[in-house]
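Subject: Structure handover

Hello,

Here is the structure you will be working with from now on.

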Amino acid sequence: MARRRLLLMLKPFDVYQFGQSNGGSSITNSQAFRYLDNRRKVHKDAVNFCQDILRKKSNIDWEPILRTNLSQPIRNFDLVVTVGGDGTLLQASHFLDDSTPVLGVNSDPTQVKEVEKFSNEFDATRSTGYLCAATVQSFEQVLDDILAGQKVPSNLSRISLSVNSQPLSTYALNDVLIADPCPATVSRFSFMIQRGGESCGPLVNCRSSGLRVSTAAGSTAAMLSAGGFVMPVLSEDLQYMVREPISPGAAIRLMHGIIKSDQSMKASWFSKKGVIYIDGSHVFHSIQHGDTIEMSSKAPGLKVFLPQD
C-alpha cells in the first residue's frame, strides 16, 4: 500500500485560558474555572491520543501544525485531519482547495450530564462537532476505513465572494455576515437575486443590522439560531436572512429566502463602512459606501468526511 501524507491540524491549548472576575459568585467562578481547565486537559489528551495513533501507522507520513500557525495554502497532502471542533475544520477550509479531503475529530464533545449539572451556574456545552466524523474513541477506526477506501468524502458547497467584481481569495464553508464593524449600528444596503447576470427578483432596500448568507452546512449554525431552517447538507443552494430589519413593511417576506445554485445575490452597500465576515470573526474584508458584493455557491466545493447517521 502506498504511503499517505497527512497533515494534523490542531486547535491550540491556550484558547481555554480563563481568569476569575471580581464580580459574581466566587463559587460559580471557581466551578467555571475548573470546567474550562478540564476542557483544556480533555483537548490536550485527545491531541496526544491522536498523535499516538498516527505514530503506529507505518503507511502514513504525517506532521502536526497548530491552526494559528497555518498561513499558506495546504498542498501535497492526501488528507487533513483537524483535532478540535467545527471551528478548527472551518479554519482549515480556508487553506484547502477541492482536491484534499478533510476529517474532523471532535476532541471535546458536549457531555449531557455535565450540562445538566451546571445548568444553574453557567453554560457547560462543549463542541457540537456537526462537521466532525470522528471522536477520540472512533478516530483509529474511521482513519483505517478512509485509508482502505471504505469511506468517501462528501462535497460541501462553499460561498464565493467578489467585491466590485474582484474575487476574494477566501471561500465561506459556513456563512457570510455583512455588517457594520459595530453590531449596534444600523446599516443601509440593497440586494437582488440574479441569474446569468440578469435580475430574477425585486430590488430589496434595507435598514438593518446586517445581512447573513449561509451554505447548507452552515444552516445549522447562526442561521438556525436566527430563525432560519436546516437545509440538506449536500444542497448547493444558499440561504439568506436580513438581520433585524427596521420597518420592512410589505417587503418582510423578502427578508429571508433561498439563492438557488444557478443564481447569485448582488448587494450594494450604502453605509460609510462595513465588514464582510467569513465563517466567523477571524477572516474579514472591509467595505465602504458604494461597494457591491456578489455571492453565489459557484465556489469550488470542499471534500469533508461527514458523521454517519
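Ser 208 lies in strand β12, which covers residues 204-208. The model is a predicted one, so please keep that in mind for everything that follows. Is Ser 208 buried or exposed? With a relative accessible area of 1%, Ser 208 is buried, because the cut-off for buried is under 20%. A polar atom of the Ser 208 side chain lies 3.1 Å from the backbone oxygen of Arg 243. Arg 243 is also one of the residues that Ser 208 touches.

A search of the whole structure finds one cavity of 30 Å³ or more, and the largest cavity has a volume of about 40 Å³. By class, the lining of the largest cavity has six nonpolar residues, one polar residue and no charged residues.

Next, the nonpolar cores. The largest has 28 residues, and Leu 211 and Met 295 are those with the most contacts inside it. Which residues does Met 295 touch, not counting residues up to four places away in sequence? They are Ile 159, Ser 160, Leu 161, Val 176, Ile 178, Leu 211, Val 213, Ser 264 and Met 265. A second, separate core has 21 residues, including Val 81, Val 83, Ala 133 and Phe 305.

Last, the largest pocket. The volume of this pocket is about 610 Å³. It is lined by 31 residues, of which Asp 86, Gly 87, Leu 90, Asn 174 and Asp 279 are the closest to its centre. Four elements each supply at least two residues of the lining: α2 (86-93), β9 (175-179), α5 (222-225) and β17 (273-278). Helix α2 gives the largest share, five residues. By class, the lining of the largest pocket has 10 nonpolar, 14 polar and seven charged residues.

Regards

Terms used: Residues numbered from 1 in each chain as written. Predicted model: local features only at pLDDT ≥ 70, side-chain atom pairs only at ≥ 80, totals over all residues. Heavy atoms only, no water. Core = buried A, V, L, I, M, F, W, Y, C linked by side-chain atoms within 4.5 Å. Buried < 20%, exposed > 50% of the residue type's maximum accessible area, 1.4 Å probe, protein only. Contact = heavy atoms within 4.5 Å. 1 Å grid on protein atoms, 1.4 Å probe; cavity = no way out; pocket = protein on both sides within 12 Å on 5 of 7 lines; lining within 4 Å. Points joined across faces, edges and corners; volume = space filled by probe spheres on them. Nonpolar A, V, L, I, M, F, W, Y, C, P; charged D, E, K, R; others polar. Polar contact = N/O pair within 3.5 Å; in protein donor to acceptor, adjacent residues only side chain to side chain.
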